Amino acid sequence: MTKYQFPKGFWWGSAASGPQTEGRLPNDGKGDSIWDEWFKESSERFFNQVGPEKTSQFLTKYKEDIQLMKATGHTSYRTSIQWSRLIPEGTGAVNQKAVTFYNAVIDELLANDIEPFINLFHFDMPMKLQEKGGWLNRETVEAYVVFAETCFKLFGDRVKKWFTHNEPIVPVEGGYLYDFHYPNHINMKEAVQVGYHENLASAMAIKAYHELDLGGEIGIILNLTPSYPRDAKNAADVKAANYADLFFNRSFLDPAIKGEFPIELVEVIGELGMLPEIKDEDLELIKENTIDLLGINYYQPRRIKAKESAIDHTNGPMPDDYFDNYEMPGRKMNPYRGWEIYEKGIYDILTNVRENYGNIRCYISENGMGVEGEEQYIDEQGVIQDDYRIEFVKDHLKYVFQAIQEGSNVQGYHMWTCMDNWSWMNAYKNRYGFIAVDLDQDGKRTIKKSGHWFKTVSDLNGFED
Ligand code: BGP
């Protein structure tokens with residue numbers, strides 16, 4: 001027994017996504033997603049102008065990579081099926097090369113006792129659908145359900161953990177509010193419609209999955225960012241934090257688990273005259289098709305104070321009209337990513353899910369630390385001595401452990417990420433992996449100290465201090 005001994009069968013692994021790892025090959029049949037298009041249009045917006053085709057070559061190196069997963073103690077691994085690889089136009093013909101590839105990955109994982117967790121949408125809208133409005137257009141919802149069903153039918157005999165979306169609030173924020181995803185609009189009314197359609201698409205995919213009766217589970221992966229008021233005794237700060245929680249967490253958490261949008265959120269959007277277009281039967285469908293399993297991504301807390309700065313009317317209403325972000329003095333930072341490190345946040349999320357969301361089965365689906373310039377920590381054996389990452393994971397796992405002691409229904413921990421991968425606009429700036437990828441040596445892989453450490457944690461199902 002170790003000091004922090006996790007429940008038997010706890011899932012140890014990591015998460016990644018198709019668009020961030022696979023890469024492209026000539027004649028692989030993949031269609032463009034918004035990332036391929038955006039890079040073509042504006043490569044200067046990507047760190048060192050490295051684009052999505054230069055990802056970690058999982059497409060060709062998956063066998064080697066799965067051996068490395070084994071060597072780093074993985075019992076499970078999450079990736080996503082790229083919609084634009086499987087159905088290049090977004091609707092219509094299925095790309096048989098993609099079917100062969102995903103089948104091979106799934107079979108290889110299972111042959112190595114690593115359970116595949118498969119996500120369906122990881123920010124990667126097929127360009128053909130984006131041209132018609134992407135998530136703004138209800139036809140995309142219908143197309144997504146066909147994509148989801150195609151995946152369930154092709155791979156559902158072996159894949160027993162499915163997720164409808166990864167961080168669905170992020171395409172809302174990035175694409176329609178804060179300009180870090182294509183199509184780079186800043187328009188809250190559109191943001192609301194996009195978020196609504198993602199919620200609806202999720203419920204419809206859940207319905208389709210359950211109807212197929214394939215004997216697995218389906219859920220959603222949410223980045224739950226706890227909103228802490230500057231001063232818990234200051235009513236205006238608390239109110240502001242509540243708004244941030246409604247906009248960025250509960251907009252997906254409530255419908256996913258309770259089947260309903262929070263009334264306060266509906267009220268505030270209604271006051272703005274921005275309620276989405278819905279069809280009569282939608283809300284009942286959302287009500288009846290909730291998740292089996294919740295994935296929780298946690299990186300950083302959100303610190304909030306009452307609105308003090310002037311409201312910026314340039315782009316019409318914005319969520320930020322209701323709160324200001326607060327830079328807490330003395331906060332611990334990851335300077336590379338500019339994110340606060342607050343380990344207890346993971347415990348607060350798990351407690352919230354336990355107390356207010358029926359203690360639904362859940363797991364930590366992402367947590368991690370992106371660091372720039374890790375080459376400086378390479379020792380004589382060529383291994384990156386990333387003790388800071390080990391500390392980071394340990395300190396979070398201790399809080400996961402505490403939540404379990406208090407009754408949280410948390411089933412596992414997945415690190416972001418397995419091997420260094422392409423982080424959207426940040427490309428390869430910050431490295432997150434248990435395994436280093438050397439882009440100058442054809443993507444050569446080397447397990448970092450943290451990867452070796454994680455193997456011992458998985459083997460012992462826990463760790464000492
Ligand atoms: C999450 C995403 C991942 C991953 C990670 C790291 O929000 O689900 O795709 O990229 O964050 O963040 P970043 O890549 O922005 O540094």
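The residues of the shell around the ligand divide into 5 nonpolar, 4 polar and 3 charged. Here Ala, Val, Leu, Ile, Met, Phe, Trp, Tyr, Cys and Pro count as nonpolar, Asp, Glu, Lys and Arg as charged, and the others, Gly among them, as polar. This is a predicted model, in which local features need pLDDT of at least 70, side-chain atom pairs count only at pLDDT 80 or more, and totals for chains, interfaces and linings use all residues. Residues are numbered from 1 along each chain as its sequence is written, and side-chain values use heavy atoms, with hydrogens and water left out.

Start with the ligand. Gln20, His122, Asn166, Glu167, Tyr299, Arg337, Trp339, Glu366, Trp416, Ser423, Trp424 and Tyr432 surround the ligand (each has a heavy atom within 4 Å of it). Some of these residues make polar contacts, meaning pairs of N or O atoms within 3.5 Å. In Glu167, a side-chain N or O atom is 2.5 Å from a ligand oxygen. For Gln20, the distance from a side-chain N or O atom to an oxygen of the ligand is 2.8 Å. Glu366 places a polar side-chain atom 3.0 Å from a ligand oxygen. On its own, the ligand has 370 Å² of accessible area, and the protein covers 92% of that (Shrake-Rupley method, 1.4 Å probe).

Where does the ligand sit? It sits in the largest pocket. A pocket is an open set of points on a 1 Å grid over the protein atoms alone, where a 1.4 Å probe fits, with protein on both sides within 12 Å along at least five of seven lines. To sit there, a molecule needs more than half of its atoms within 2 Å of the grid points.

Next, charge pairs. Side chains of opposite charge can pair when their charged atoms come close. The whole structure holds 40 salt bridges (a side-chain nitrogen of Lys or Arg within 4 Å of a carboxyl oxygen of Asp or Glu). One of them joins Glu343 and Lys332, at 2.5 Å from N to O. Glu343 lies in the loop between β12 (339-340) and α13 (344-356) and Lys332 in the loop between β10 (324-325) and β11 (333-334), so the pair ties together parts that are 11 residues apart in sequence. Helices (H or I, at least four residues) and strands (E, at least two) are DSSP runs, numbered from the N terminus.

Now the backbone. Most residues other than glycine have a negative phi, and most peptide bonds are trans. The bond from Trp416 to Thr417 is cis, with omega about 15°. Thr417 is in the loop between β15 (410-416) and β16 (430-431). Trp416 also belongs to the ligand's surroundings.

Note on methods: Polar contact = N/O pair within 3.5 Å; in protein donor to acceptor, adjacent residues only side chain to side chain. 1 Å grid on protein atoms, 1.4 Å probe; cavity = no way out; pocket = protein on both sides within 12 Å on 5 of 7 lines; lining within 4 Å.
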